[in-house]
Amino acid sequence: MGAGNTIDDLLGDRLHIMANSRSVIDLLPYLDRHIGGLVITGAEAPARCREIRNARSDLVVAMDPESHTQAVATPGAPFGLRTSHGWWRLDMAGLAEVLDGQLLNKASYAVTPTCFIPHGEGDADQVLASVFALTNKLARTDTVVLLPVSYKWLQPPSLPRLAGLIRSSRHPVALVVQADGDPMDRRGVMDGLRQLCRSCPRLLLWRTDLAAFDAMVHGALGSAVGVAASLRHGVKPRLEGGGGGWKPYTSILVGRLLRYVRVENLQDWFAHSEPWTCGCSVCQGQPLTRFDDTDLDRLAAVQHDVNELYALHGELAGTVPGHDRHEWWRARLTDAVEHHRRLALQTDTEPDVPKVLLAWRRTSPLPLPQPRPQ
Ligand SMILES: [Zn+2]
């Protein structure tokens, strides 16, 4: 590696797959070791991380401690961790201990156990500031600051403040945007995210979906895409143990449509015509409508998704950042809209083009004004 900042070299243009510790082993064969990586969530993350890195030291693997799904940050305690002995509020020494612990478990870099940062409630602004006041005291170059925020931070009144703090960070920042449902459906959020990516060179977008690509086209350093719907946007902390047992419907990423589709919808669309097939190493020419709700089919669906993500990401990584990359994305979006039209013609159905796809075709907003030097 060059004389530059090695953690930025490690993260640059890298698309991580984010998955629970239960399912990561089955995804390993499909990860791209050059431009891919893994972010592991869940209770067994440290053990899985160690196992995987012992076997595959060439893979980039990190962990999201998911404190943001369990607790709301306060100005005095923005970091915490659930342990077998209960909730651990972390002071500076505790924070350093947790980060060192991740590295001892062979993580390629450490990730701060940041709690959820709400918006507009009392001291939310101080909470956000305290995350950076504390992490900027960490004299280390192996750490990413996880920043799980309400989507409201990306709306116009709050965006400059968020951008200023992210730019002040001495570490790369992994942004997680929380909303009920897709944060990109909220007013101003997609444009706000684009402005943030253009204004903050060391920003990662984590726990997201295809928004990862729009972010990287607009200058995000890297990204992490979730394999399950619950890992594709931030969530508010759960007060109790959470849903448990509930299994979401099977959905798959249809690359040419640039969207996730419920298998049930695919089956409806192709009820009276030849279903589309997939040539990836998992599907091997089989129809996309074949996935069922069994555990095996769910796993195959996720493996297919990972193949689709890296096919798309391989294209992105092959472009030159800036104009060339923008043109590539614009062409992919135009293709996706055209494939929706073909789908409608072939199946005599009326599949809507997702709003976010149309929004991504809009012209980008200008970057945020940079503060004048003091
Ligand atoms: Zn496939």
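How many helices and strands does the secondary structure of the chain come to? The count is eleven helices and twelve strands. Helices here are DSSP runs of H or I with at least four residues, strands are runs of E with at least two, and both are numbered from the N terminus. The radius of gyration is 20 Å, close to the 21 Å from the globule rule for 374 residues, so the chain is as compact as a globular protein of that length. That radius is taken over C-alpha atoms, and the globule rule is 2.2 Å times the number of residues to the power 0.38.

The model is predicted: local features need pLDDT of at least 70, side-chain atom pairs count only at pLDDT 80 or more, and totals for chains, interfaces and linings use all residues. Residues are numbered from 1 along each chain as its sequence is written, and side-chain values use heavy atoms, with hydrogens and water left out.

Start with the overall dimensions. Along the principal axes, the C-alpha atoms fill a box of roughly 60 × 45 × 45 Å. Of the 374 residues, 54% are buried. Buried means under 20% relative accessible area, exposed means over 50%, and partly exposed lies in between (1.4 Å probe, protein chains only). The accessible surface comes to about 16,800 Å², and carbon and sulfur atoms hold 51% of it. These areas come from the Shrake-Rupley method with a 1.4 Å probe; for residues, only the protein chains shown count as cover. Among contacts with a separation of 6 or more, 66% join residues 24 or more positions apart. A contact means heavy atoms within 4.5 Å.

Now turn to the sheet. Eight strands form an open sheet in the order β3-β2-β1-β10-β9-β8-β7-β6, and the pairing is parallel. Two strands pair if DSSP finds at least two bridges between them. Strand β1 (residues 15-20) pairs with β10 (residues 222-226) in the parallel sense, over four bridges. Within that pair, His16 has Ala224 of β10 as its bridge partner.

Helix α9 (residues 295-317) packs on this sheet. The helix touches β1, β2 (36-41) and β10, and its direction makes about 165° with that of β1. Angles run from 0 to 180 degrees between N-to-C directions; axes are lines fitted to C-alpha atoms, for helices over the stretch in contact. Helix α4 (residues 124-135) lies across β7 (143-150) and β8 (173-178), at about 175° to β7.

The loops deserve a look too. Most residues other than glycine have a negative phi. Lys106 is not a glycine, yet its phi is positive, about 75°. Lys106 sits in the loop between α3 (92-104) and β6. Its relative accessible area is 37%, which makes Lys106 partly exposed. Gln284 also has a positive phi, near 50°. Gln284 belongs to the loop between α8 (263-269) and α9. Its relative accessibility is 65%, so Gln284 counts as exposed.

Thr69 lies in the loop between β3 and β4 (80-83). Is Thr69 buried or exposed? Thr69 is buried, at 2% relative accessible area. Leaving out residues up to four places away in sequence, Thr69 touches Arg207, Val235, Lys236, Pro237 and Arg238.

Last come the cysteines. A disulfide is a pair of cysteine sulfur atoms within 2.5 Å. By this rule, the count is zero disulfides. Cys49 is buried at 0% relative accessibility. Cys283 is buried, with a relative accessible area of 0%.
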